[in-house]
Amino acid sequence: MTPPASDPFPEVILGNANRRFSGVTSTMLQVLARQQTKASLVVLGAWHLPSAVRRVQFFTLLRQLRSQQAKGRIVVFHARRNNEMIQGLILQYFARCTVRLLFTSTAQRHHTRFTRWLMRQMDSVISTCKAAADYLKIPPDKLIPHGIDTVRYQPAIGPVALPADLVAPAQHYIGIFGRVRAQKGIDVLVTAALPILAHHTDWALIIVGEIKPEEQPFVNDLKQQAERAGVLDRVVFTGPRPFEELPRLFACMSIVTALSRNEGFGLTVLEAMSSAKAVIASRAGAWPDILTPEEDGLLVDIGDVAGTEAALERLVTDNDLRSRLAANGRRTVLDRYSVDTEAQALLEHYRAIMQG
């Protein structure tokens, strides 16, 4: 791709059709921050965008693609949702330029017939990990894993204290991040961690994430388990925390767990590894692709309480193992999973689609 010039006509259009902030939105925003310095890029939809990002409404973009200026141009439209694929098809049909359509499939479930039809209309389909790719009837053209900002999430220099309102009576923390619900394996972690906390009184459990009203009975049950085990003061549910606070919270942890029963990709593991924290993850999402067991993290089976407890016991009692996994995890992210690597891979794929 060529760096943006004075010509406002886009080379790349990114779909942004969901008002709700989601993991898809987060990954799109992180990548476009790198892409917009290397390509003429515009985002269709204004949701959640920084002020510096070029955005456009649908009919304004359609008029631009139908203008005399559009003739002979080639544009890539990158969709990540069904409604964005529909937008791309409309633009492709009515445009006077060539619109090449790209879709990223991350869902780890069987697609509906309509979604499969939409994907067949795309010029290219890519995925982010093997687990998601295995659900596609036709193999994706390429696997481009997500990356994260390795400057935002980096090893702490010296001790980092929890925010004052989250202090627990402990020196070391086991963390889990994400909306508090059974799908995220919060119950697996609590059940596995209670015996650990009972025997290691300098450790606490920090559960970071929003609790929806419908999940409150689930949380109450977990708190009752902790109370019966005599460790309730060392099981902290933080509720939602500001986005800008997350790097500090990762930096406070000694161990980060990610125990989802199903997961689209799951950036938590990469954020923890980039922060140089020892990681225990379930075999969900991209995590089996990312982690090499015993080298840069530990993997456990989905829903495996006994396996999770054994992994926690190893890391709690073995400082050298924690340090080795943490250091290796940081190197893995720098080598293969930075947002710069993802952005460059996407730009190269856009170029290939344009030429193809």
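**View 1. Packing of helix α6 against helix α7 in a predicted model.** The axes of helix α6 (residues 186–199) and helix α7 (residues 216–228) come within 10 Å and cross at roughly 5°, where axes are lines fitted to C-alpha atoms over the stretch in contact and angles run from 0 to 180 degrees between N-to-C directions. The two helices, α6 and α7, are therefore roughly parallel to each other, a term for angles under 35 degrees. On the α6 side the contact (heavy atoms within 4.5 Å) is made by Ile186, Asp187, Val190, Thr191 and Leu194, and on the α7 side by Phe218, Leu222, Gln225 and Ala226. Helices are DSSP runs of H or I with at least four residues, strands are runs of E with at least two, and both are numbered from the N terminus.

This is a predicted model in which local features need pLDDT of at least 70 and side-chain atom pairs count only at pLDDT 80 or more, while totals for chains, interfaces and linings use all residues. Residues are numbered from 1 along each chain as its sequence is written, and side-chain values use heavy atoms, with hydrogens and water left out.

**View 2. The largest nonpolar core.** This core has 37 residues, and those with the most contacts inside it include Leu162, Tyr173 and Phe177; a nonpolar core is a set of buried Ala, Val, Leu, Ile, Met, Phe, Trp, Tyr and Cys residues joined through side-chain atoms within 4.5 Å, buried meaning under 20% relative accessible area with a 1.4 Å probe, protein chains only. Among the elements that give two or more residues to this core are β8 (172–177) and α9 (268–274).

**View 3. Surroundings of Phe177.** Not counting residues up to four places away in sequence, Phe177 touches Val208, Leu246, Leu249, Phe250, Met253, Val256, Thr257 and Thr268.

Key:
Angles under 35 degrees count as roughly parallel, over 145 as roughly antiparallel, 65 to 115 as roughly perpendicular and the rest as oblique. Buried means under 20% relative accessible area, exposed over 50%, partly exposed in between (1.4 Å probe, protein chains only).
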